[in-house]
Each structure stands twice: as structure tokens, then as C-alpha cells.
Amino acid sequence: MTIPTKEEMYAALCERHGADIQAKFAAGAVAVCGLGGLGSNAAVHLARAGVGRLHLIDFDRVDISNLNRQQYFPDQLGQYKTEALAETLRRIAPYCEITSETVKLDAKNIPKLLKGYPVICEAFDRADQKAMLVNCVLEHLPEAYLVSASGMAGIGSANEIQTRRITSHFYLCGDGRSDVADGLGLISARVGVCASHEAHMILRLLAGLESS
Amino acid sequence: MVTVNGAPSDCAGSSIAKLVADGGYQPQRVAVELNEQIVPKTQYESTVVKDGDKVEIVGFVGGG
């Protein structure tokens, strides 16, 4: 089966989303930081929506414990998440420009590695790492839009997960409190709701709708 | 009055470090905005809030 041409896929996206919004999605560039339950799911939504450029960042490899909620396949175990996810995204959106970097982000390399991306998606799992990235981006890359997430563990109602506007450039998704450190599990659907909040806020920002 | 996470508080004169500690947050797990500007961690002790300020302390929890 041959895949559709770039023009055919773009026309189909325009039909679904409207040409004006699609042009904005196609012009968008998003750096996804962390490719676990949040980042891998958010990236799939962004690729399906026709976002023009995605930059994938993670240092880790696919592990069997990821398969309950992350967008990887059992035959990808052991691969770098950057490579495994890029492979999947290229099947979903063959004309999306996908780049990746297999690296651990830290306060020192973030200003350099994330520079130039108009939208940054924080999708780490550890609380201190989330805080580190958010502080670093807000301090050093103030022109970027930052969408972050905190609180999606457990089997509590998915309706508790929301998107909050903290400032004009900083949006926070999640319930704000359910911590994986409290022994709560991470369940695909609830983590996925939170990842979808992140992806949707990013799409709204790309579409020029700045408040949640 | 100072507004902290949307609620009025009579904490004018307090440092950001004190607000973070009094709120029960761990400093390495927060981001603090003062009047829509990020407060660098190195300035938590030296930044003092005054009447009319709006403080947003975002505490992060784990999972992703």
C-alpha cells in the first residue's frame, strides 16, 4: 500500500481542522522534553494534528514497565525512546519534520538545547526534574510558551485533570496533587488525559489562542 | 494584602523562601512567579513581597 502524498495528507487535515488552523499547526515547532507517559502520548497527538516540526528529547530506553501507558511496542524494548518514538511518528505523519536528541536535559544544557523552539512541552516524570526544567525555561527562554504537567497518578476521577494558565507563557496541566511517590500507580487512560491536555493546550497556543 | 495562589494573605514583608516553607513546599520542587515573572531560586531569600503583589507558587508532584 503506498502512502498518500504530502499534499493529499495536508488537504485531509485542512478538511478536518480548517485551512487557517492547519496552516498554523503546520508552521508550529514543538520540543517535547521527556518521552514517557506524557511525552510519547502528547507527541502522537501533535503529529496526528499535523504540527510541522517535532523535536524529541529523552535519554532513556524503552522498558517493559513503560508498555502500560507509553506509545511503544514490545518489539521496541531496549531501543532509545527517541528512536522508537520517531519511528512510530513517521508512520503516523510521514511528512512531519522529526528530529531527536538522546540526552539528559539539565539546567546547564537546557538554554542551549531548547533555544529557538516557540513551544516547549515538559513531560518528565520526577517532580524535581519538572521544577528544574520549568524554572530554567522561564528564566532563560522567556519568549517560549511552556506547557507542563503535574498530578496524573492513580485511579481518581479523570475529571480532576485540568489545564491552568499560570502566566501568559506558562500553562500547567494535571490535578496538581496525585503523586506517584504516594504509591499511586500510573494508569494509561488518566496519564493519557493529562497528556492530551498538554497536547491540546499546545495546539491552542499554535492556533493563536493564548489563554486556556 | 498579598495574593498567594489566588487567596489573600497578610504576608507582606515575607521572603519568597518563607512563603515556600510556610506553604509546606519543597524548594527543589517548586516554581514561583511574582507578578507574572519567574523568581530565580537564587533570589528566594532576597525577594520580599509587598502589598498588592501576586505570588503563584507551583508545587510539582511526580508521575508522567
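Leaving aside neighbours within four places in sequence, with which residues is A:Ile202 in contact? In this predicted model, the partners of A:Ile202 are A:Val30, A:Leu46, A:Val119, A:Cys121 and A:Val147. A:Ile202 belongs to the largest nonpolar core, which holds 78 residues.

**Nonpolar core**

- Within the largest nonpolar core, the residues that touch the most other members are A:Val32 and A:Ile202.
- Helix H7 of chain A, residues 188-206, contributes the most to this core, giving 10 residues.

**Packing of H3(A) with H7(A)**

- Helix H3 of chain A (residues 37-49) packs with H7(A) at an angle of about 45°, and the two axes are 8 Å apart.
- The crossing of H3(A) past H7(A) is right-handed.
- On the H3(A) side, the contact is made by A:Gly37, A:Leu38, A:Asn41, A:Ala42, A:His45, A:Leu46 and A:Ala49.
- On the H7(A) side, the contributing residues are A:Val191, A:Gly192, A:Cys194, A:Ala195, A:Ser196, A:Glu198, A:Ala199, A:Ile202 and A:Leu203.
- By class, the contact of H3(A) with H7(A) has 10 nonpolar, 5 polar and 1 charged residues.
- Two residues named in this contact, A:Leu46 of H3(A) and A:Ile202 of H7(A), are also in contact with each other.

**Packing of H3(A) with H4(A)**

- H3(A) also packs with helix H4 of chain A (residues 81-92), here at an angle of about 25° and with the axes 9 Å apart.
- Angles under 35 degrees count as roughly parallel, and H3(A) and H4(A) are therefore roughly parallel to each other.
- H3(A) passes H4(A) in a crossing that is right-handed.
- From H3(A), the contact involves A:Ser40, A:Ala43, A:Val44, A:Ala47 and A:Arg48, and from H4(A) it involves A:Leu85, A:Leu89 and A:Ile92.
- The residues of the contact of H3(A) with H4(A) comprise 6 nonpolar, 1 polar and 1 charged.

**Packing of H1(A) with H2(A)**

- Helix H1 (residues 6-17) and helix H2 (residues 19-26) of chain A pack at an angle of about 125°, with 7 Å between their axes.
- That angle makes H1(A) oblique to H2(A).
- The crossing of H1(A) past H2(A) is right-handed.
- H1(A) supplies A:Leu13, A:Cys14 and A:His17 to the contact, while H2(A) supplies A:Ala19, A:Ile21, A:Gln22 and A:Phe25.
- The contact of H1(A) with H2(A) consists of 5 nonpolar and 2 polar residues, with no charged residues.

**Contact between chains A and B**

- The contact takes 30 residues from chain A and 16 residues from chain B.
- On the side of chain B that touches chain A, the elements giving two or more residues are strand E3 (30-34) and strand E5 (54-59).
- E3(B) provides the largest share of that side, with 3 residues.
- The side of chain B that touches chain A is made up of 7 nonpolar, 4 polar and 5 charged residues.

**Positive phi in chain B**

- Most residues other than glycine have a negative phi.
- B:Asn5, which is not a glycine, has a positive phi of about 50°.
- B:Asn5 is placed in the loop between strand E1 (2-4) and strand E2 (7-9) of chain B.
- B:Asn5 counts as partly exposed because it has 13 C-beta neighbours inside 10 Å.
- B:Asn35, likewise not a glycine, has a positive phi of about 50°.
- B:Asn35 lies in the loop between E3 and strand E4 (37-38) of chain B.
- B:Asn35 counts as partly exposed because it has 13 C-beta neighbours inside 10 Å.

Conventions: Residues are numbered from 1 along each chain as its sequence is written. Chains are lettered from A and ligands numbered from 1 in the order in which they are written. This is a predicted model: local features need pLDDT of at least 70, side-chain atom pairs count only at pLDDT 80 or more; totals for chains, interfaces and linings use all residues. Two residues are in contact if their C-beta atoms, placed from the backbone, lie within 7 Å. Helices (H or I, at least four residues) and strands (E, at least two) are DSSP runs, numbered from the N terminus. Ala, Val, Leu, Ile, Met, Phe, Trp, Tyr, Cys and Pro count as nonpolar, Asp, Glu, Lys and Arg as charged, and the others, Gly among them, as polar. A nonpolar core is a set of buried Ala, Val, Leu, Ile, Met, Phe, Trp, Tyr and Cys residues joined through C-beta atoms within 7 Å. A residue is buried if 20 or more other C-beta atoms lie within 10 Å of its own, exposed if 12 or fewer, and partly exposed in between; C-beta atoms are placed from the backbone. Axes are lines fitted to C-alpha atoms, for helices over the stretch in contact, and angles run from 0 to 180 degrees between N-to-C directions. A crossing is left-handed if the near helix is turned anticlockwise from the far one by less than a right angle, and right-handed if clockwise. Angles under 35 degrees count as roughly parallel, over 145 as roughly antiparallel, 65 to 115 as roughly perpendicular and the rest as oblique.
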